[in-house]
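Please read these notes with the model open beside you.

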Amino acid sequence: MLALALCDWMQINYYRADFVGMDALLARHIESIEALGDPRLRGMALAWYGWVSTMRYDLVVAAWRLEMARRLGEEYGLPEVIAHAETWSVWMHVFAGRPRDALRSAAAVEAVVSQLADPRYVILKSLAGVGYASAYAGDFAAALRATDELTKIGEQTGSRRASSLAHAIRAVIAFIAG
């Protein structure tokens with residue numbers, strides 16, 4: 001029960017941008033979660049831990065944790081774990097300056113998104129990562145397509161996050177393109 005609550009609780013810390021707190025919680029409980037033998041909980045905990053490592057710019061550790069989560073997802077047929085691990089890998093690769101790897105992770109998200117009960121988060125998050133990765137790779141047309149899709153999502157759903165990400169990516173495109 002603690003492991004389930006912990007994985008669900010991560011989202012609260014995430015929206016508070018409390019990555020230090022998330023790191024401390026996961027460090028304290030990851031071994032207990034792994035000992036449960038539940039591949040979904042272990043995979044989601046590793047994926048969250050990878051995301052926290054990404055946000056703390058510990059990118060080598062992030063890559064390892066996200067890869068371990070993705071492998072668990074694949075081994076046990078857990079599309080939710082795969083989708084989150086790959087979505088957060090998109091951003092880890094963007095932060096590491098590897099836009100082509102980010103685009104490969106985004107394609108992996110697309111491959112499992114139809115299997116998710118609620119794909120909204122991973123669609124939005126990976127699409128924004130595609131926008132940034134495409135801009136950094138110099139593919140401004142692809143980056144603009146991502147911003148158009150984010151704008152459409154924002155207009156259709158009222159998501160301020162989608163709209164703001166679209167504007168932020170357009171600013172990056174303008175800066176890089178000159």
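The points below take the helix pair, then the residues.

1. Basis. This is a predicted model, in which local features need pLDDT of at least 70, side-chain atom pairs count only at pLDDT 80 or more, and totals for chains, interfaces and linings use all residues. Residues are numbered from 1 along each chain as its sequence is written, and side-chain values use heavy atoms, without hydrogens and water.

2. Helix pair. H5 (residues 79-95) packs with H7 (residues 120-136) at about 25 degrees, axes 9 Å apart. Helices are DSSP runs (H or I, at least four residues), numbered from the N terminus. Axes are lines fitted to C-alpha atoms over the stretch in contact, and angles run from 0 to 180 degrees between N-to-C directions. H5 is therefore roughly parallel to H7 (angles under 35 degrees).

3. Contact residues. H5 contributes Ala83, His84, Thr87, Trp88, Val90, Trp91 and Val94. Among the H7 residues are Tyr121, Lys125, Gly129 and Tyr136. Contact means heavy atoms within 4.5 Å.

4. Glutamate 86. This residue lies in H5. Glutamate 86 is buried, at 10% relative accessible area (buried is under 20%, exposed over 50%, partly exposed in between; 1.4 Å probe, protein chains only). Its side chain makes a polar contact with that of serine 105, at 2.9 Å (N or O atoms within 3.5 Å, one able to donate a hydrogen and the other to accept it; residues adjacent in sequence count only if both atoms are side-chain atoms).

5. Alanine 174. Helix H9 (residues 160-177) holds alanine 174. Alanine 174 is partly exposed, at 47% relative accessibility. Its C-alpha lies 9.4 Å from that of alanine 135, 39 residues apart in sequence.

How values were computed. Helix = DSSP H or I, 4+ residues; strand = E, 2+ residues; numbered from the N terminus. Parallel < 35°, antiparallel > 145°, perpendicular 65-115°, else oblique.
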